[in-house]
Amino acid sequence: MAGVLSSFKKIFNRRQQKRYFVKDGTLVVISPGNVENEERAVQLIDISQGGMAFIYKGPASAIEKSSLLQVITQKPPYRTESIRFDTVSDVPVSGNTPTSESFRRRGVKFRWMGFFDETALKNLIDEIKICEK
């Protein structure tokens, strides 16, 4: 019976790590890795050990689907090393009229990180989290 319950939990709970809302003013700097698109600072919404979500303004093509990012906090000034990610979702924010300048929400998952990078990410999450999502 316990096996059936754990199977249902896995089906309905896709995330393997706890996801947390973050303090206001926590930004993500997206580095596209090419000269056509410049770095952009966008608002971080939530984060986990496996990924994060952020909001940006403009078309989906404005930020590459696979790139590098850095997290910046207001106090104390903190900037992580570059983290590679893959896009999981990119949708318009509800309530917006679909225009080229509308806001979009992008969910990303982190690519493999070494032990020290994972520890640094855990420390960053502890510093910027508000509550569990």
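A salt bridge is counted here where a side-chain nitrogen of Lys or Arg lies within 4 Å of a carboxyl oxygen of Asp or Glu. In this predicted model, the count by that rule comes to seven salt bridges.

| Salt bridge | N to O distance |
|---|---|
| R19 and D46 | 2.6 Å |
| D86 and R111 | 2.9 Å |
| K122 and D126 | 3.2 Å |

The salt bridge between D86 and R111 ties together parts of the chain that are 25 residues apart in sequence, because D86 lies in strand 7 and R111 in the loop between strand 8 and helix 2. Here D86 is partly exposed, at a relative accessible area of 25%, and R111 is partly exposed as well, at 33%.

The side chains of K122 and D126 also meet in a salt bridge, and because the two residues are four apart in helix 2, about one helical turn separates them. K122 is partly exposed, with a relative accessible area of 45%, and D126 counts as partly exposed at 40%.

Another arginine, R104, lies in strand 8 (residues 103–110) and counts as buried, with a relative accessibility of 14%. The side chain of R104 makes a polar contact of 2.7 Å with the side chain of D90. When neighbours within four places in sequence are left aside, the residues in contact with R104 include F54, I55, Y56, V91 and V93.

The largest nonpolar core holds 22 residues, among which M52, F54, L69 and L121 touch the most other members. At least two residues of this core come from each of several elements, including strand 3 (40–47), strand 4 (51–57), strand 5 (66–73), strand 7 (83–92) and helix 2 (115–128). Helix 2 supplies the largest share of the core, four residues. For L121, with neighbours within four places in sequence again left aside, the contacts are I47, S48, Q49, I83, F110 and M113.

Key: Residues are numbered from 1 along each chain as its sequence is written. This is a predicted model: local features need pLDDT of at least 70, side-chain atom pairs count only at pLDDT 80 or more; totals for chains, interfaces and linings use all residues. Side-chain values use heavy atoms; hydrogens and water are left out. Buried means under 20% relative accessible area, exposed over 50%, partly exposed in between (1.4 Å probe, protein chains only). A polar contact is a pair of N or O atoms within 3.5 Å; within protein, one must be able to donate a hydrogen and the other to accept it, and residues adjacent in sequence count only if both atoms are side-chain atoms. Contact means heavy atoms within 4.5 Å. A nonpolar core is a set of buried Ala, Val, Leu, Ile, Met, Phe, Trp, Tyr and Cys residues joined through side-chain atoms within 4.5 Å.
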